[in-house]
Structures are given as C-alpha cells and as structure tokens.
Amino acid sequence: SVAFQVYRSYWQAVGACLAPSVLVALFLMQASKNLNDWWLSYWISHSHENGTISSTHPAVVITSSEPSSMVPLLLATGNSTTDDVTFYLTVYGALAGANTVFTLFRAFLFAYGGICAARVLHDQLLNSILKAKIHFFDTTPIGRVVNRFSSDMYSIDDSLPFIMNILLAQTYGVAGTVIVTCYGLPWFTLLLLPLAFIYHRIQKYYRHTSRELKRL
C-alpha cells in the first residue's frame, strides 16, 4: 500500500491553495449536476399536476350556458402555463450552464495543479541528486537515476494526474448518487454497509491481481 506521506507530498506539491480549490470545483460540479437532475424531476412532476388540473376546463366550457365568459379564463390558463414553462426552462438552463462552467473550471485547475506538482517534484528530485554525496553515485546504478528523471517523471507528469482526475470525479459522482438515492429512498441506507463490504473485497482482490500482472 502507498504510505500517507506520499499523498501528503503530492498534495503539498500541488499547492496549499490550489489543491483545495480543485476539490471545491469538483464539489460544485457534482452539486450542480445533482441539482440539475433534481430540478428536471421536479419540473416533470409539477407539469403532470398542472396538466391534471387544466384538463377540467373543457368540461366546464361544454356545460357552461355562456361559453364566451370562459375565454378570459382559458387565456389566463394558457399564459400561466407558458410562464411556468419559461420559468422552469430558465432555471434548468441556468443550472446546466453552471455545471458547464464548473466542469471547465475543474478541468483547468486539475491540469494546472498537475503541472505545478510535476515542476515542484522535478525540482526536488534534481536538488536531491545535485546535493548527493559521491558514495550515492558509487552504490546506485546510473540507469536507475536516469529512470527517475525519465519514466518516473513521465508517470507524474501524465499518468498520475489523469488517474487522479478519474478517481476524484468517480468518487464525487458516486457520493452524489448515493446521497440523492438515500434522499429519495431512505431504506437504501440499509444496503450501504453490505454493498460497501462487497465492493471493498472486490477491489482489494482486483488490486492484488493487477499488481501481480504488472510485475510479470
């Protein structure tokens, strides 16, 4: 397993202000997405209620002795329905636009944070090599030192930010889905512990198998 100090070093390399900003951007992105989905379901449910209420007007028009007196009522109902659609659509568009902005903001911060972390770690590695004693170069193969500046730094520059981006996005996505599901179906909370245990066992088995395959 990876030591906590490794995560702490990478967090510090990203930056004391930039790293929390990435997490905040991820939270805002997921929150706006969940709010967008919730608003759409709210819009649909209230549209059905308004449609049920407005469906009684034709019967009133047929049984009325003065149909012309119902014209203002029908016009008012039509204008109210149009205003409701405009309101719901405006809020839905605003939430979708906010989600787009937060997604772009998160992508930019993550890319910039990865660049900052790569530069800081490269400078720290270079300073350590330049300040190393002669005994270090006598006991360490030069190929190992070159690999630290080539393949290992490439993993920090390219692979690590990409994997970290997917990990955090999926983590926030799963957390948002679980919160929304528990809010709509409270009994689902009873299944969280068994499911968490099963998923933990599966991913533990997968990690060990994947590690051994990479060592072949």
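Is R148 buried, exposed or partly exposed? R148 counts as partly exposed, at 39% relative accessibility. The cut-offs, with a 1.4 Å probe and protein chains only, are under 20% relative accessible area for buried, over 50% for exposed, and partly exposed in between.

Before going on, the ground rules. This is a predicted model, in which local features need pLDDT of at least 70 and side-chain atom pairs count only at pLDDT 80 or more, while totals for chains, interfaces and linings use all residues. Residues are numbered from 1 along each chain as its sequence is written, and side-chain values use heavy atoms, with hydrogens and water left out.

Back to R148. Its partner in a salt bridge is D152, with the closest N and O atoms 2.9 Å apart. A salt bridge here is a side-chain nitrogen of Lys or Arg within 4 Å of a carboxyl oxygen of Asp or Glu. Both R148 and D152 sit in helix 6 (residues 142-184), four residues apart, about one turn of the helix. Helices are DSSP runs of H or I with at least four residues, numbered from the N terminus. D152 is partly exposed, at 29% relative accessible area.

The count is two salt bridges. The other one to show you joins K33 and D37, at 3.6 Å from N to O. These two lie in helix 2 (residues 18-54), again four residues apart, about one turn of the helix. K33 is partly exposed at 41%, and D37 is partly exposed at 43%.

Now S32, also in helix 2. S32 is buried, with a relative accessible area of 5%. What does S32 touch, leaving aside its neighbours within four places in sequence? S32 is in contact, meaning heavy atoms within 4.5 Å, with L95, A98, N99 and F102.

Next, the aromatics. Rings of Phe, Tyr and Trp (its six-membered ring) pair if their centres lie within 6.5 Å; planes under 30 degrees apart are stacked, over 60 edge-to-face, and the rest tilted. The count is 11 aromatic pairs. One of them is W39 with F87: the centres are 5.9 Å apart and the planes at 75 degrees, so the pair is edge-to-face. W39 lies in helix 2 and F87 in helix 4, so the pair ties together parts that are 48 residues apart in sequence. W39 is buried at 10%, whereas F87 is partly exposed at 46%.

Y42 and Y88 also form an edge-to-face pair, 6.3 Å centre to centre with 65 degrees between the planes. Y42 is in helix 2 and Y88 in helix 4, so this pair ties together parts 46 residues apart in sequence. Y42 is partly exposed at 28%, and Y88 is buried at 9%. One aromatic cluster takes in W38, W39, Y42, W43, F87, Y88 and Y92.

Last, the largest pocket. On a 1 Å grid over the protein atoms alone, a pocket is an open set of points where a 1.4 Å probe fits, with protein on both sides within 12 Å along at least five of seven lines; lining residues have an atom within 4 Å of a point. The volume, about 1800 Å³, is the space filled by probe spheres set on the points, which are joined across faces, edges and corners. The lining has 36 residues, and Y7, L160, I163, M164 and L167 lie nearest the centre. Helix 6 gives the largest share of the lining, 14 residues.
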